[in-house]
Amino acid sequence: MPDSESKIRIGIPRALFYYYYYPFCYKFLTELDAEVVVSDKTDKDVLQQGLNTSGNELCLPIKLLYGHVLNLKDRVDYIFLPYMVSMEEGTYYCPKLIGSPDIVKANIPDLKLLSLDIDMDNFYSSLLASLKAIAQTLSLNPIKIYAAYKSALNYQRRFNRYIMQGLTYDETLSLIDRDDAKKIAANISSKENGKPITIAVIGHTYIFNDPYISFDIIRKLRERNVRVWTSDRFTEPQIKQGMSSVEKPPHWSLSRRVLGSAINYSGDPVVDGMIYITPFGCSSDSLIKEYIEANIPHTKRKPIMTLTVDEHSSDAGFITRIEAFLDMLERKKHKRHSDRMGTDTTPKIIDINTILSELSEN
Amino acid sequence: MKTEKDKKTKFAFYQFGHSVMATDAFAKNIGIETIQIEYPNKDTINRGIMYAPEFSCFPFKIVLGILLQAMDRGAEVFVIPIFRSITACQAADFGIAHKYILQKTGKDFEVILLDSMNPAAILKKFKKYVPDITLKKVSEGLLLAAQKLSLMEEVDEYYRKIYLSTDKRRAESFMTKWRKIITNTSSVIELYLMHNHLRNDYKRYPDIDMKNILKIAVIGDIYTLNEPFINNNIFERLCDLGVYPEQGIRWSEAFEIPIHITPEDIALMNETKKYMRHNVGTYAQDTIKDAIRYAEKGYDGIIQIYPFNCMPEITARNILPKISTDYKTPILYLPVDEQTGDAGFTTRIEAFVDLINIRRNKDNFASIQTAGGVK
């Protein structure tokens, strides 16, 4: 680009809220004539850097955020890190996520952060104030920011429509700007629809969409002829609908999404089983299993496997568990099928002793 | 003759520190029947751990244990006083999550979370069980409870001062005397006036030499600070070492009733927001605020004590190192949980006190920093 020299370079770390609102942030910042730089994909170095600098008792996603911020630090003028407090009145993000810009700021010196307050409890005052602050930092006209905000919102909506067709986050990102996006999306989903087994991967989107941390769980499952749906597939109203029977929904919005999608998927006859992927030491996830157990009736329950990931877990153990789970689902499905047909189609175990005894009788 | 309708619902309150007199006064005022339950102890904690999920926070496990005990004694409604809007802390899911866990064991109960000091909101929560409850009764009960808690806090402070200036025996007799007086007083006005009596009574004792004594501020969330079993009796231990311990968040502050806000308070809040812009959960911002406050006041050291896996406090804990370097004040971080041992705890405190003692006498910050006293 010819004028990339003069543009302000703003970095977005590929962690946490990248997996929720990257399209919005990207559109918003590019509309303001800034150049958006995303940190490298998570790999060993990024993770190691994060582990080396991060403080005590933090969970894996925050440690990763450190790594991505460090990855960006020397390449950009500002790092865009919003304060996400709450997206809906009465619900909140988890404390560590709300405080993540503060934590990062306190531990990495000389960091220039560009922040936005998203707080539904006093939405307009906080958002307007922070938009104004951004305008000042980038020396822009505040009116321009409003237009950018509008178009960013539309862009995010378009993005969400695609992700709801069962595409992964990265797939959607790669096709959203193309003209033939619709065709490609339809192509992918039709290919996926032919698969015999459907598994719902539930959990936080910043875990299962990150191929390094989740050991590429989505691709691994797809390779094994499984159609994968994730908790990204539902709109907010659908999540709310799913939780209508819950006495008092959890007040953490990310936990709500996990619980809502678990309930929705358990009511869906197409889904064969669920894999619940959670980072080690996640306090908000610790109670969700109790919620799931209590709120899904016995008759509707689907097989569910919990996979805990952290910086020490290994690929091999992961694959073994996935394959065992798939075997179990297949056997279950097979059994159900044969029950309906009235015949026993399960392969008989050939035992040498029975054959011998049959021979001797004859 | 008692019918099913006349039967009163039995309540139990979560207890910490001196809270029993406050909750009793509150319960008596609004006319509910309470069941006495124990303070957290080894037994209740062990029971809580048996059922609680692995990564739930330590307070969750404590409450679960206490809850089991309360139900054994026949309580039907369990009240957890928080007095604060909880925002993002896990405490907002307390009660319902406990219920889900205990449902598996076939137990049923209800939980009331007192998450604000607004009498109307509290009235609504109790209306179901106590039909003849009025706003006046609730406000009076709240005032009583608040007064008693803040009075006892003052007694605690004087106890430490007397302990340091004279001896433990005299401090204990002071404590016993005032504890009795405050428990037996049930008028709000008398309690208001009692602050003066208390101060005058304290003046009879020799004054503490605040200039030469080592001062440590103990900060963290209010339940850990107030319950000696959970915080491993840290205030007493510091007094044993001849250090004056200052308590971080006070009840008078926690009650969210802005009575006298000074310009200094506003300046302090603005300073706090530079480090933690939003309150990430019940008492996290106060932890940061207290750290700044006591660092500015020139305290020799700060100890942050917090329950294991408490997310708001962990967030604060990861910001505190910055405050430690900015204000050049050493901070010791002490997470506590069911496995906290006596010996290890004492060793760490003693080492910290030794460090700040050396630092004060040599006034050489750099050497301490390399010794590992500060992150």
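Author: Quick definition before we start: a nonpolar core is a set of buried Ala, Val, Leu, Ile, Met, Phe, Trp, Tyr and Cys residues joined through C-beta atoms within 7 Å. Buried means 20 or more other C-beta atoms within 10 Å of a residue's own, with C-beta atoms placed from the backbone. This is a predicted model, where local features need pLDDT of at least 70 and side-chain atom pairs count only at pLDDT 80 or more, while totals for chains, interfaces and linings use all residues. Residues are numbered from 1 along each chain as its sequence is written, and chains are lettered from A and ligands numbered from 1 in the order in which they are written.

Reader: OK, how many residues are in the largest nonpolar core?

Author: It has 194, and A:Tyr93, A:Val201 and B:Ile302 have the most contacts inside it.

Reader: Which helix gives the most to this core?

Author: α6 of chain B (residues 135-165), with 15 residues. Helices here are DSSP runs of H or I, at least four residues, numbered from the N terminus.

Reader: And what is A:Val201 in contact with, leaving aside neighbours within four places in sequence?

Author: Its partners include A:Phe208, A:Ile217, A:Val228 and A:Ile275. Contact means C-beta atoms, placed from the backbone, within 7 Å.

Reader: Switching topic: how many residues does each chain put into the contact between A and B?

Author: Chain B puts in 33 and chain A 31. On the chain B side, α14(B) has the largest share, nine residues.

Reader: Last one: is α3(A) mostly covered or mostly open?

Author: Mostly covered, as 13 of its 14 residues are buried.

Methods:
Buried ≥ 20, exposed ≤ 12 C-beta atoms within 10 Å, placed from the backbone. Helix = DSSP H or I, 4+ residues; strand = E, 2+ residues; numbered from the N terminus. Contact = placed C-beta atoms within 7 Å.
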